[in-house]
Amino acid sequence: MAPLLRVFCVHGYRQDERSFRERTGSLRKLLKKRAELLYVSAPLRVPSLTGTGPGQEQEEQAPAAGTRAVETEGDGRGWWFSNPEEESFDALDKVESCKGLEESLETIGKAMTELGPFDGIMGFSQGAALVSMICALGQQGDPRFQFNFAILVAGFRSRCKLHDHFYKESIILPTLHVFGETDRVIPGELSRELSTTFVNPVVLTHTGGHFVPASAAQKQVYFEFLEKFEKK
């Protein structure tokens, strides 16, 4: 049997290492003979939620048995704030500056170095947006971010002007882009737009909302994508 692929997992806004591990339980089960998923929490603590809407992340997926339906106040984490003054984030915010990205890149770089090497990386929502930036840095030669593939679930391009440089050059790293047709948080067109940053992206859509899908309908696509990177 080929050794398991090691995949570094980057959670969404208002999640953390533990909650994202719970939310991806079905995916871990689906891939248990193919991949080992490892998780890390973002460095930024997120204030309590004051409102929701498109671009503002909250859980849509039904929780697994024995888990909480929502994050409790104070345990949510984020990778950057689009509104530094309020320490809040909205994927649709078009802003000149943001807060926290460099600290998050340092956190992930340190974790990947200490826990690595990794075959691939997976991100969800804000985490997927961050993964796209990490892929760009890896292509530019950053030694912290060297891996063979990326899976981006419900991803999007950051609207922060300071992040524009991440999208100027097409990224050749093999990628799988997964998003829901009824996602009310990150509309599918934003995820499709992100996929155009990459050369020959594999795109997998599902009929659900804002979550990481892992049903029989997606199984074959995941398997076929990961097979390309399995060590024979």
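1. Let me start with Glu-87, which is partly exposed at a relative accessible area of 29% (buried means under 20%, exposed over 50%, and partly exposed in between, with a 1.4 Å probe and protein chains only). Its salt-bridge partner is Lys-99, with N and O 2.6 Å apart (the criterion is a side-chain nitrogen of Lys or Arg within 4 Å of a carboxyl oxygen of Asp or Glu). Both residues lie in the loop between strand S4 (77-78) and helix H3 (101-115), twelve residues apart. Lys-99 is partly exposed too, at 35%.

2. A word on the basis of all this: the model is predicted, so local features need pLDDT of at least 70 and side-chain atom pairs count only at pLDDT 80 or more, while totals for chains, interfaces and linings use all residues. Residues are numbered from 1 along each chain as its sequence is written, and side-chain values use heavy atoms, with hydrogens and water left out.

3. On confidence, the mean pLDDT of the protein is 89, and 88% of its residues reach 70 or more (pLDDT is the predictor's confidence in each residue, from 0 to 100). Please look at residues 58-74, where pLDDT is below 50; beyond near neighbours in sequence, this stretch has 32 contacts in the model (a contact means heavy atoms within 4.5 Å). Where pLDDT is low, the predicted coordinates should not be read in detail.

4. For the overall layout, the protein has six helices and eight strands (DSSP runs numbered from the N terminus: H or I of at least four residues for helices, E of at least two for strands). Along the sequence the pattern reads β-α-α-β-β-β-α-β-α-β-β-α-β-α. Of the 232 residues, 52% are buried. Among contacts with a separation of 6 or more, 82% join residues 24 or more positions apart.

5. How many salt bridges does a search of the whole structure find? There are eight. One of them pairs Arg-6 with Glu-36, the closest N and O atoms being 3.7 Å apart. Arg-6 sits in strand S1 (residues 5-10) and Glu-36 in strand S2 (residues 35-40), so this pair ties together parts that are 30 residues apart in sequence. Arg-6 is partly exposed at 22%, and Glu-36 is partly exposed at 35%.

6. The side chains of Arg-34 and Glu-227 also meet in a salt bridge, at 3.7 Å from N to O. Arg-34 belongs to the loop between helix H2 (25-30) and S2, and Glu-227 to helix H6 (residues 216-227), so parts 193 residues apart in sequence are tied together. Arg-34 is buried at 19%, whereas Glu-227 is partly exposed at 35%. A network of salt bridges links Arg-34, Glu-227 and Glu-230.

7. Finally, the whole structure holds three cavities of 30 Å³ or more (on a 1 Å grid over the protein atoms alone, a cavity is a set of points where a 1.4 Å probe fits but cannot get out, and lining residues have an atom within 4 Å of a point).

Conventions:
1 Å grid on protein atoms, 1.4 Å probe; cavity = no way out; pocket = protein on both sides within 12 Å on 5 of 7 lines; lining within 4 Å. Points joined across faces, edges and corners; volume = space filled by probe spheres on them.
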